[in-house]
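Hi everyone, thanks for coming. Let's walk through one model together, starting with a pocket and then moving to the helices.

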Amino acid sequence: YNTRATAIDQPVDLEIPESAVMLAVYLSVPEAENTRRALNTANGMRRAKQMGRYPNKAPIGYINLTAVDGKKFISPKQPEAKLVAWSFHQLKKNTCSITDVWRMANKKGLCCTLSNFSKLIRNSVYCGKIPVRLCSGEHEMADGIHEALISVATFREVQDIISSRRKASGRADDLRHAFFLRGFLECPVCGRKLTGSFSRGSKKSYPYYHCRGRCRAR
């Protein structure tokens with residue numbers, strides 16, 4: 001776009017070839033300063049997490065506060081904190097889906113979207129653990145100084161339930177891929193739409209399109 005960079009405090013005469021060196025210095029020094037500031041900020045936040053403090057914006061159910069010495073921490077915020085704990089205990093029962101628990105929590109007053117709720121139930125901060133990403137790229141869990149809303153055992157049980165449901169949904173995707181004509185084929189006996197499933201044999205499973213109910217057409 002025929003754009004030319006100039007320095008206001010220390011003008012550079014670009015008609016002189018050696019002035020390009022000074023222009024490169026003027027442009028590179030602020031960039032290096034910004035990069036160093038970002039690196040120091042990341043290191044400071046990492047050290048704060050390793051000490052058990054949560055320097056980011058407080059998640060749902062917590063509020064950011066500042067202590068007398070100027071250090072920041074998070075504290076439970078009611079009634080959201082009770083609703084978050086209630087949601088974890090409902091998921092622990094393994095009787096309702098994530099969507100159903102989210103809807104019930106919304107009716108009780110927990111204001112968040114389904115996508116945020118899905119992230120919420122996977123956040124280890126609620127059990128008193130703060131994830132820390134090390135310089136090597138590895139992750140570790142630090143003990144937080146904030147008050148936990150649920151126990152570590154409850155959090156782990158909920159994660160196991162969520163993982164098992166994810167595997168079940170993957171199984172449903174496999175069925176949809178294997179029986180892509182399900183819902184299009186018509187039963188030659190009763191005329192209803194055929195469904196599909198696998199029948200386990202002595203050595204392997206065999207896929208079949210079949211009818212529903214009392215109709216035995218396969």
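**The largest pocket**

The lining of the largest pocket divides into four nonpolar residues, two polar and one charged; here Ala, Val, Leu, Ile, Met, Phe, Trp, Tyr, Cys and Pro count as nonpolar, Asp, Glu, Lys and Arg as charged, and the others, Gly among them, as polar. Before going on: this is a predicted model, local features need pLDDT of at least 70, side-chain atom pairs count only at pLDDT 80 or more, and totals for chains, interfaces and linings use all residues. Residues are numbered from 1 along each chain as its sequence is written, and side-chain values use heavy atoms, with hydrogens and water left out.

Which residues line the largest pocket? They are Pro59, Ile60, Asn116, Lys119, Leu120, Asn123 and Tyr126. (A pocket is an open set of points on a 1 Å grid over the protein atoms alone, where a 1.4 Å probe fits, with protein on both sides within 12 Å along at least five of seven lines; lining residues have an atom within 4 Å of a point.)

Now to the helices (DSSP runs of H or I, at least four residues, numbered from the N terminus; strands are E, at least two). In H2, Leu83, Trp86, Ser87, Gln90 and Leu91 meet Ile98, Val101, Met104, Ala105 and Lys108 of H3, with contact meaning heavy atoms within 4.5 Å. By class, that contact has seven nonpolar, two polar and one charged residues.

Last, two backbone details. The Gln78 to Pro79 peptide bond is cis, with omega near 5°, and Pro79 sits in the loop between strand E2 (72-76) and H2. Asn2, though not a glycine, has a positive phi of about 55°, and Asn2 lies in the segment before helix H1 (19-50).
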